[in-house]
Amino acid sequence: METPVGPDGRLAAFGNQLIDIHLWLREELAQLREDVDAHLEGRGGRPRELRAHCLAFCSALTLHHTGEDDGMFPVLAERFPELRPVIEELVHDHQAVAGILRSLEDLLGGLGAEAEPDPGEARRVRAELDGLTALLESHFVYEEKKIVAALNALGAPGPDAPTSGSLPGSGLSPPNRTNLPDAPRGSRTRHDRR
């Protein structure tokens with residue numbers, strides 16, 4: 001599907017931008033999982049690099065969700081009141097994700113303090129990442145299914161709009177797909193919420 005562009009070359013469909021941001025976050029999470037596995041199996045980089053990668057991912061995800069909660073969701077709720085129950089569920093997901101991110105950051109803060117990774121530590125880190133991955137995949141699919149059409153209906157900002165091509169309130173601009181590292185995308189199972 002071709003993404004519509006405005007006369008100034010910016011993306012015109014906010015919903016498509018959201019999908020691009022979600023794809024980038026999925027790729028980054030898959031790479032983080034690989035890095036954690038490699039470290040815990042004794043074949044990865046230094047713990048400091050792993051912690052930095054985790055903190056960067058956690059910060060990007062938090063920025064994205066905060067932008068949605070504070071910017072995009074209020075706009076959608078005002079323009080599309082029928083989406084308010086969906087938005088409430090998405091905000092609840094954001095709170096659950098924030099809790100997992102805090103746990104993950106705490107676990108990774110002590111990573112590498114010992115010469116050999118502790119098997120119990122490896123299981124806890126991996127369990128947090130597995131939970132985060134499952135929740136995010138379900139969340140992203142649900143969000144895309146329920147609000148992309150509404151976002152696309154918002155239309156493109158004018159050339160002088162302050163969003164300068166970024167999704168309003170998303171906290172992130174769509175990533176430049178040509179500059180992303182080749183990271184596996186993980187499984188894309190479709191979950192359906194009722």
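A pocket here is an open set of points on a 1 Å grid over the protein atoms alone, with protein on both sides within 12 Å along at least five of seven lines. Its lining residues have an atom within 4 Å of a point. A volume is the space filled by probe spheres set on the points. The model is predicted, so local features need pLDDT of at least 70, side-chain atom pairs count only at pLDDT 80 or more, and totals for linings use all residues. Residues are numbered from 1 along each chain, and side-chain values use heavy atoms, without hydrogens or water.

Start with the second largest pocket. About 150 Å³ of space lies in it. Two elements give two or more residues to its lining: α2 (47-79) and α3 (84-109). Helices are DSSP runs (H or I, at least four residues), numbered from the N terminus. The largest share, six residues, comes from α3. Among the lining residues are Leu61, His65, Asp69, His94, Val97 and Leu101.

Now follow α3. Its 26 residues should span 38 Å at 1.5 Å a residue, and the end C-alpha atoms are 37 Å apart, which agrees. The expected span is 1.5 Å times one less than the number of residues.

Then turn to α2, where His53 lies. His53 is buried, with a relative accessible area of 17%. Its contacts (heavy atoms within 4.5 Å) include Glu28, Gln31 and Leu32.

Note on methods: On a 1 Å grid over the protein atoms alone, a cavity is a set of points where a 1.4 Å probe fits but cannot get out, and a pocket is an open set with protein on both sides within 12 Å along at least five of seven lines; lining residues have an atom within 4 Å of a point. Buried means under 20% relative accessible area, exposed over 50%, partly exposed in between (1.4 Å probe, protein chains only). Lists of a residue's contacts leave out its neighbours within four places in sequence.
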